[in-house]
Amino acid sequence: MGTTKSTADAELAIWERVFVPDVRRITPEEARYLLEVRFMQADLDRINELSAKANAGTLASEEKVELERYIHVGHLLSTLKAKIRGRLKKTAS
């Protein structure tokens, strides 16, 4: 399990560099677009289903991997948005 987490963390760092190599260079239009990016409703429904199974202790191993992927993407998205908001706050000052 430790290997899976370190692999996921490394992947997350790569995606972050792809999307935000330098947050200072994002235009206001790009920032607004990225702040609006969200999971589709079907994905939210699936996340809720997997989370319920995890809470009930009935999550199959392949479902666990799927849920972990959703969690990692959500973490990336949150990190990206936090950086963008911080940058927008600095430029608005």
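**View 1. Glutamate 66 and arginine 46 are joined by a salt bridge.** In this pair the closest N and O atoms are 2.8 Å apart, a salt bridge being a side-chain nitrogen of Lys or Arg within 4 Å of a carboxyl oxygen of Asp or Glu. The structure is a predicted model, in which local features need pLDDT of at least 70 and side-chain atom pairs count only at pLDDT 80 or more, while totals for chains, interfaces and linings use all residues. Residues are numbered from 1 along each chain as its sequence is written, and side-chain values use heavy atoms, with hydrogens and water left out. Glutamate 66 is partly exposed, with a relative accessible area of 24%, where buried means under 20% relative accessible area, exposed over 50%, and partly exposed in between (1.4 Å probe, protein chains only).

**View 2. Glutamate 63 is shown with its partners arginine 46 and lysine 53.** Glutamate 63 forms a salt bridge with arginine 46, and the closest N and O atoms of that pair are 4.0 Å apart. The pair links distant parts of the chain, with glutamate 63 in helix H4 and arginine 46 in helix H3, 17 residues apart. Glutamate 63 also meets lysine 53 in a salt bridge, at 2.6 Å from N to O, and here again distant parts of the chain are linked, since lysine 53 belongs to helix H3 and glutamate 63 to helix H4, 10 residues apart. Lysine 53 counts as partly exposed at 27% relative accessibility, whereas glutamate 63, at 10%, is buried. Through shared partners, salt bridges join Arg46, Glu49, Lys53, Glu63 and Glu66 into one network. The count of salt bridges comes to six. If neighbours within four places in sequence are left aside, glutamate 63 is in contact (heavy atoms within 4.5 Å) with Arg46, Leu50, Lys53 and Thr58. As a general point, side chains of opposite charge can pair when their charged atoms come close.

**View 3. Helix H2 (residues 28-36) packs with helix H4.** The two helices meet at an angle of about 145 degrees, with their axes 10 Å apart; axes are lines fitted to C-alpha atoms, for helices over the stretch in contact, and angles run from 0 to 180 degrees between N-to-C directions. H2 passes H4 in a left-handed crossing, a term used if the near helix is turned anticlockwise from the far one by less than a right angle, and right-handed if clockwise. On the H2 side Ala31, Leu34 and Leu35 meet Leu80, Lys81, Ile84, Arg85 and Leu88 of H4. The residues of this contact divide into six nonpolar, no polar and two charged, given that Ala, Val, Leu, Ile, Met, Phe, Trp, Tyr, Cys and Pro count as nonpolar, Asp, Glu, Lys and Arg as charged, and the others, Gly among them, as polar. Arginine 85 is partly exposed, with a relative accessible area of 47%, and its C-alpha atom is separated by 8.2 Å from that of alanine 31, 54 residues apart along the chain.

**View 4. Leucine 76 is a residue of helix H4, which covers residues 61-92.** Helix H4 has 32 residues and reaches 46 Å from its first C-alpha to its last, close to the 46 Å expected at 1.5 Å a residue. Leucine 76 is buried, with a relative accessible area of 11%. The C-alpha atoms of leucine 76 and tryptophan 15 are separated by 7.5 Å, although the two residues are 61 residues apart along the chain. The buried residues of H4 are Glu63, Leu67, Tyr70, Gly74, Leu76, Leu77, Leu80, Lys81 and Ile84.

**View 5. The protein chain as a whole has four helices and zero strands.** Read along the sequence, the chain follows the pattern α-α-α-α. Buried residues make up 22% of its 93 residues. Among contacts between residues at least 6 apart in sequence, 69% join residues at least 24 apart.

Technical notes. The expected span of a helix is 1.5 Å times one less than its number of residues.
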